[in-house]
Each structure stands twice: as structure tokens, then as C-alpha cells.
Amino acid sequence: MNWIFLSPTWTKLRWPLAALGLVLLFNLLFTAGFFHLEVKDGRLYGSLVDILNRAAPTMLLALGMTLVIATGGVDLSVGAVMAIAGAVAAML
């Protein structure tokens, strides 16, 4: 099992995961109720659920942009579509 921590993927992810751990530790110590989750009427509520709900569209766009850049193209239309969709949603 020790060979997993020596793989090139793990060495690339070590510092971002350490930074994420530090941010979560900071929130655990200094933000009251940050990790508090509760179930009301069969639905899950809490700060972490709100963060995941708000970040999901951005994560999907980032995944699409990553695939475009990884294939060697630079397609700015992903950001333009996001901006137009945001403007239309705000008007509605």
C-alpha cells in the first residue's frame, strides 16, 4: 500500500490536498456550525451542502473547459455561454 503515496499522481496532489485540509481545519476551529448537517423533511441542510449546490455549475463548466484545453484547443465560448446564461437567468 505504500507505493500509492509514491506515485506521480499523489506527488502532484499532495500540496493541493494539504491546502484543502488546512482550510477545512481553519473552518472547523473558527466557524461555528460550518460542518453541521441536519435533515429536515427528508432533505439535507448545512453549509457544506450549500457550497456543493452553488459550485456544481462552475465545476461542470470547468470540466468542459479542461477537456477543451487538454485536446489542444482554446475555446472561449464556454465562458461566453456561461455569461449569457447568467444574464438570461438574472433577467428571468
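Biologist: What makes Phe35 count as partly exposed in this predicted model?
Modeller: Phe35 has a relative accessibility of 35%. The label buried needs under 20% and exposed needs over 50%, so Phe35 at 35% counts as partly exposed.

Biologist: Why is Phe34 called buried?
Modeller: The relative accessible area of Phe34 is 11%. The cut-off for buried is under 20%, so the value of 11% puts Phe34 in that class.

Biologist: How many aromatic pairs does the structure hold?
Modeller: There are 2 aromatic pairs. In one of them, the ring centres of Phe26 and Phe30 are 4.8 Å apart and the planes meet at 40°.

Biologist: Why is the pair of Phe26 and Phe30 called tilted?
Modeller: Centres within 6.5 Å make a pair, and 4.8 Å meets that limit. Stacked planes are under 30 degrees apart and edge-to-face planes over 60, so 40° leaves the label tilted.

Biologist: Where do Phe26 and Phe30 lie?
Modeller: Both are in helix H1, residues 8–30, and 4 residues separate them, about one turn of the helix. Phe26 is partly exposed at 48% relative accessible area. Phe30 has 60%, which is over 50%, so Phe30 counts as exposed.

Biologist: What makes the pair of Phe34 and Phe35 edge-to-face?
Modeller: The angle between the planes of Phe34 and Phe35 is 90°, and edge-to-face asks for over 60 degrees, so the label holds. The centre-to-centre distance in this pair is 5.1 Å.

Biologist: Which residues form the nonpolar patch on the surface?
Modeller: Among them are Leu24, Phe26, Phe30 and Phe35, and the accessible area of the patch is about 1,100 Å² together. Leu24 is found in helix H1.

Biologist: How do you know that the span of H1 agrees with its number of residues?
Modeller: At 1.5 Å a residue, the 23 residues of H1 should span 33 Å, and the end C-alpha atoms are 34 Å apart. H1 also bends by about 40° at Arg14, with a proline, Pro16, following within four residues.

Biologist: What does the span of helix H2 come to?
Modeller: Helix H2, residues 47–70, has 24 residues that should span 34 Å, and its end C-alpha atoms are 33 Å apart, which agrees. At Ala56 there is a bend of about 40° in H2, and Pro57 follows within four residues. After H2 comes Gly72, which has a positive phi near 100°.

Biologist: How many salt bridges does a search of the whole structure find?
Modeller: The search finds 1 salt bridge. The side chains of Lys40 and Glu38 meet in it, with 3.8 Å from N to O.

Biologist: What is said of the phi of Asp41?
Modeller: Asp41 is not a glycine, yet its phi is positive, about 55°. Asp41 sits in the loop between strand S1 (37–40) and strand S2 (43–46). The relative accessibility of Asp41 is 83%, which is over 50%, so Asp41 counts as exposed.

Biologist: How far apart are Ala90 and Lys40?
Modeller: They are 50 residues apart in sequence and 29 Å apart in space, C-alpha to C-alpha. Ala90 is in helix H3, residues 77–91. With a relative accessible area of 66%, over the 50% cut-off, Ala90 is exposed.

Definitions and conventions. Residues are numbered from 1 along each chain as its sequence is written. This is a predicted model: local features need pLDDT of at least 70, side-chain atom pairs count only at pLDDT 80 or more; totals for chains, interfaces and linings use all residues. Side-chain values use heavy atoms; hydrogens and water are left out. Rings of Phe, Tyr and Trp (its six-membered ring) pair if their centres lie within 6.5 Å; planes under 30 degrees apart count as stacked, over 60 as edge-to-face and the rest as tilted. Helices (H or I, at least four residues) and strands (E, at least two) are DSSP runs, numbered from the N terminus. Buried means under 20% relative accessible area, exposed over 50%, partly exposed in between (1.4 Å probe, protein chains only). The expected span of a helix is 1.5 Å times one less than its number of residues. The bend at a residue is the angle between axes fitted to the seven residues ending there and the seven starting there. Patches are made of residues with over 30% relative accessible area and no salt bridge: like charges are joined within 9 Å, nonpolar side chains (Val, Leu, Ile, Met, Phe, Trp, Tyr) within 5 Å. Accessible areas come from the Shrake-Rupley method with a 1.4 Å probe; for residues, only the protein chains shown count as cover. A salt bridge is a side-chain nitrogen of Lys or Arg within 4 Å of a carboxyl oxygen of Asp or Glu.
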